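User: I would like to learn how to read a fold from its coordinates. Where do we start?

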Amino acid sequence: MPTNLEFITSFDITSSQEETDIDNIFTSKYNIYKITFADFKTVSSTHENINLRVIDDSGTLDANSVYDYAVNELRSDTSYSDNKNENFGRIDRLMMIDESPDAFNTALYVYNPQISSAFTFFTWQGAGRFAGASRGFKGIAAHKVAESVRGIKIFGANTGRPYDTGKIAVYGVL
């Protein structure tokens with residue numbers, strides 16, 4: 001697998017929000033992208049699962065039941081758990097975030113987003129603190145539509161649980 005990274009863009013989360021578009025980041029220059037999410041925290045004491053959907057080349061968010069995913073959650077306070085779905089309306093558990101001082105960090109790889117004849121695939125792993133305990137996530141997913149994808153949207157699984165801290169960086173993998 002190629003290992004050289006080329007920086008594309010980054011931005012900070014500095015205001016309260018329940019969803020974030022990371023749009024117009026994929027081009028035909030790269031077949032693999034790395035997106036890092038650093039120091040994500042919720043506004044209040046209620047935790048939140050952060051999920052993902054793709055934005056196609058026309059700017060349409062794909063909320064259809066076209067995602068398969070599997071996530072393994074490692075926990076320091078109890079046994080591990082698995083979460084998986086087929087033909088689901090989103091990719092679940094990219095991160096599970098909580099309030100300060102707890103924070104979560106994730107590295108997401110996106111494969112083939114600009115190949116219109118191929119599915120877009122994802123792998124990720126993340127670690128952080130949640131409710132005072134250490135947690136880790138490792139996941140795989142597919143967006144099962146052969147189309148060009150130009151970006152992603154991350155969003156909370158529940159309304160009323162915004163995040164206000166985090167940094168997102170996007171890299172092309174050479």
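**Reading the strands**

Analyst: Take one residue before the whole. Aspartate 92 is buried, with a relative accessibility of 8%. Note that the model is predicted.

User: Which strand holds aspartate 92?

Analyst: Aspartate 92 lies in strand E7. Its side chain makes a polar contact of 3.4 Å with the side chain of tyrosine 69. Aspartate 92 also touches Asn49, Asn51, Val71, Asn83 and Trp124, among others, leaving aside residues up to four places away in sequence.

User: Now step back. How many helices and strands does the protein chain have?

Analyst: The count is 0 helices and 12 strands. Read along the sequence, the pattern is β-β-β-β-β-β-β-β-β-β-β-β.

User: How does the radius of gyration of the protein chain compare with that of a compact globule?

Analyst: The two agree: a compact globule of 174 residues would have a radius near 16 Å, and the protein chain has 15 Å. Along the principal axes, the C-alpha trace spans about 45 × 30 × 30 Å.

User: What share of the residues is buried, and what does the surface consist of?

Analyst: Buried residues make up 45% of the 174. The protein chain exposes about 8000 Å², and carbon and sulfur atoms supply 46% of that area.

User: What share of the contacts joins residues at least 24 apart in sequence?

Analyst: The share is 74%, taken among contacts between residues at least 6 apart.

User: On to sheets. What is the general idea of strand pairing?

Analyst: Strands of a sheet pair through backbone hydrogen bonds, in a parallel or an antiparallel sense.

User: What is the strand order in the open sheet of 4 strands?

Analyst: The order is E2-E11-E4-E7, and the pairing is antiparallel. Strand E2 (19-22) and strand E7 (91-97) are the edges, each pairing on one side only. From one strand to the next, the twist averages 25 degrees.

User: How many bridges join E4 to E11?

Analyst: Strand E4 (residues 48-56) and strand E11 (residues 149-156) run antiparallel and are joined by 7 bridges. Leucine 52 stands opposite isoleucine 154 in E11. Aspartate 56 stands opposite valine 149 in E11.

User: And how many bridges link E4 and E7?

Analyst: There are 4 bridges between E4 and E7, again in the antiparallel sense. Here isoleucine 50 stands opposite methionine 95 in E7.

User: How do I read the two faces of a strand?

Analyst: In a regular strand the side chains alternate between the two faces of the sheet. Now check burial on each side of E4. One side carries Glu48, Ile50, Leu52, Val54 and Asp56, the other Asn49, Asn51, Arg53 and Ile55, and all are buried.

User: Why is E4 described as largely enclosed?

Analyst: Because 9 of the 9 residues of E4 are buried, the strand is largely enclosed by the rest of the structure.

User: What is the phi of asparagine 24, and where does asparagine 24 sit?

Analyst: Phi of asparagine 24 is near 55 degrees, a positive value in a residue other than glycine. Asparagine 24 sits in the loop between E2 and strand E3 (32-42). At 54% relative accessibility, asparagine 24 is exposed.

User: What is the phi of asparagine 112?

Analyst: Asparagine 112 has a positive phi of about 65 degrees, although it is not a glycine. Asparagine 112 lies in the loop between strand E8 (104-111) and strand E9 (120-130). With a relative accessible area of 22%, asparagine 112 is partly exposed.

User: What does asparagine 112 touch?

Analyst: Beyond residues up to four places away in sequence, asparagine 112 touches Asn31, Ala118, Phe119, Thr120 and Phe121. The C-alpha atoms of asparagine 112 and threonine 27 are separated by 9.9 Å, while the two residues are 85 residues apart along the chain.

Key. Residues are numbered from 1 along each chain as its sequence is written. This is a predicted model: local features need pLDDT of at least 70, side-chain atom pairs count only at pLDDT 80 or more; totals for chains, interfaces and linings use all residues. Side-chain values use heavy atoms; hydrogens and water are left out. Helices (H or I, at least four residues) and strands (E, at least two) are DSSP runs, numbered from the N terminus. Buried means under 20% relative accessible area, exposed over 50%, partly exposed in between (1.4 Å probe, protein chains only). Contact means heavy atoms within 4.5 Å. Two strands pair if DSSP finds at least two bridges between them. Axes are lines fitted to C-alpha atoms, for helices over the stretch in contact, and angles run from 0 to 180 degrees between N-to-C directions. The radius of gyration is taken over C-alpha atoms; the globule rule is 2.2 Å times the number of residues to the power 0.38. Accessible areas come from the Shrake-Rupley method with a 1.4 Å probe; for residues, only the protein chains shown count as cover. A polar contact is a pair of N or O atoms within 3.5 Å; within protein, one must be able to donate a hydrogen and the other to accept it, and residues adjacent in sequence count only if both atoms are side-chain atoms.
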